Amino acid sequence: MSVEPLALDLDPKAYIELNDMLDEPTADAALTRREREVRALTREVVAREVAPGAAALDRTHAFAHEGVQALARAGLMGLVFPRHLGGTADTNVAYAVAMEEVAAGCAATSLVFMTQMHAAYPILIAGTDDLARRYVPGLLDGSVYGALGITEPNAGSDVSGLQTTARPVAGGYDLNGSKTFITTGDRAGVIICFATVDRSLGRRGITAFVVDGGWEGVGRGRPFDKMGMHGSSTAELFFDGVRIPEDHVLGRPGEGWAVVMSSVVKSRISAAAQGVGLARAAYGRTLAALRRLHGTRLSDEQTFALADLRGRILQGRLLLHAVARQVDADDTVTSGQIGIMKQVCTDLGFTASVEAARILGPYGDLAVLGVERCLRDAKVTQIYDGTNEIQRLLIGRESARALEGLA
Ligand SMILES: Cc1cc2nc3c(=O)[nH]c(=O)nc-3n(C[C@H](O)[C@H](O)[C@H](O)COP(=O)(O)OP(=O)(O)OC[C@H]3O[C@@H](n4cnc5c(N)ncnc54)[C@H](O)[C@@H]3O)c2cc1C
């Protein structure tokens, strides 16, 4: 059989139909009407303006600007933000459901989409009202790109090793140092930058700042060539004597660690939703390809493998929704609980893509099917937002602490 008919470049109507068929009533039962509406709206925008361009973004490495702008126009960038800042005051579950949809259509677009939220959220929780009104609306309507700058050449998993320094000066701070692996770093107009006001204080010196990308002394590297997520950019940032006004501190000096910890709750929901979305995309593409190759007559081995994948994707989605619902209900979710969600769902995205490629045999290797793209895109979700090894450490340590005092 010629491989061309296997291309899954569905028109928007067919895309929506296929994905509606993949919905699982077991997971949907716990969604509110509004959360289902958010999914339907996101699916529609993705079908029309995101998924059709995903393969081309992967091939050309062009930035996912059009898809992100379409999502912003539909009002989907501000799901967990209050209305007065341009958001829709929706639940974290609605956000997780939307993220899964975007990731299933184009993971690179979902990475830029989530980064807007990750840049806006620290301003919402720790910035002054004035700062929030100045910077958040532009991030939510897509008129400015945002970046979250934590990682440095010698600090990522171990944030206390930050070398970027914000030296107090009259009226503000003098920022010097560099960041690496920063999503959208090459073009961000709003940068949330974590720096230390005093290295000798370790974590207690870390402070979060809003840095305007247009300020003098902000430099950017060229985007890196990467294994996957080609429609997103990842670059270095350089700060050379950048003057930060005092009112651009998020929280108080030395409170940056708390901002990091609050932010990772959201960003790990994002990564987990990407994992579920990628697993679902790999599964859906495999089902569609097998149908075209073999009709409805699948071997027992293929049937068992597909059954296993479907069950694992449902488990991942239920876990994602349960943790997001818990975050909506209160703020007592532990780093171990968040870590289980992040690790399980992003491992799912990668292993399900590997399995989908295996089921397809040589067809799994073909770019035209898009399963190999899922595999390449899924790998980095296990790495960023705290590697899955770090998640296991957090989970294991929390379990060990729970047994403290046991005879
Ligand atoms: C595409 C992409 C986008 C990114 N976007 C951003 C962004 O927008 N903003 C940002 O700030 N960062 C971003 N990052 C950086 C990313 O979050 C970090 O690279 C990641 O958290 C790992 O941290 P590290 O670089 O310090 O790696 P390291 O900690 O040096 O990790 C190297 C290896 O050692 C393991 N390891 C480290 N410590 C331990 C330990 N104690 N026990 C066991 N194993 C350990 C890790 O799991 C990993 O396998 C991005 C990275 C990529 C690839």
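Predicted model: local features only at pLDDT ≥ 70, side-chain atom pairs only at ≥ 80, totals over all residues.
Student: What radius of gyration does the protein have, and how many helices and strands?

Tutor: The protein contains 13 helices and eight strands. For 407 residues the globule rule gives 22 Å, and the value for this protein is close to that, so it is as compact as a globular protein of that length, with a radius of gyration of 21 Å.

Student: Which residues have the most contacts inside the largest nonpolar core?

Tutor: The largest nonpolar core has 117 residues, and helix 9, spanning residues 256–294, gives the most to this core, with 14 residues. Leaving aside neighbours within four places in sequence, Ala120 is in contact with Phe81, Val136, Leu139, Leu140 and Gly146. The residues with the most contacts inside the core are Ala120 and Phe209.

Student: Is helix 9 mostly covered or mostly uncovered, and how many of its residues are buried?

Tutor: A residue counts as buried if 20 or more other C-beta atoms lie within 10 Å of its own. By that criterion helix 9 is mostly covered, and of its 39 residues the number buried is 28.

Student: Which residue just after helix 9 takes a positive phi?

Tutor: Helix 9 covers residues 256–294. Just after helix 9, a positive phi of about 65 degrees is taken by Gly295.

Technical notes
Residues numbered from 1 in each chain as written. Core = buried A, V, L, I, M, F, W, Y, C linked by C-beta atoms within 7 Å. Buried ≥ 20, exposed ≤ 12 C-beta atoms within 10 Å, placed from the backbone. Helix = DSSP H or I, 4+ residues; strand = E, 2+ residues; numbered from the N terminus. Contact = placed C-beta atoms within 7 Å. Rg over C-alpha atoms; globule rule 2.2 N^0.38 Å.
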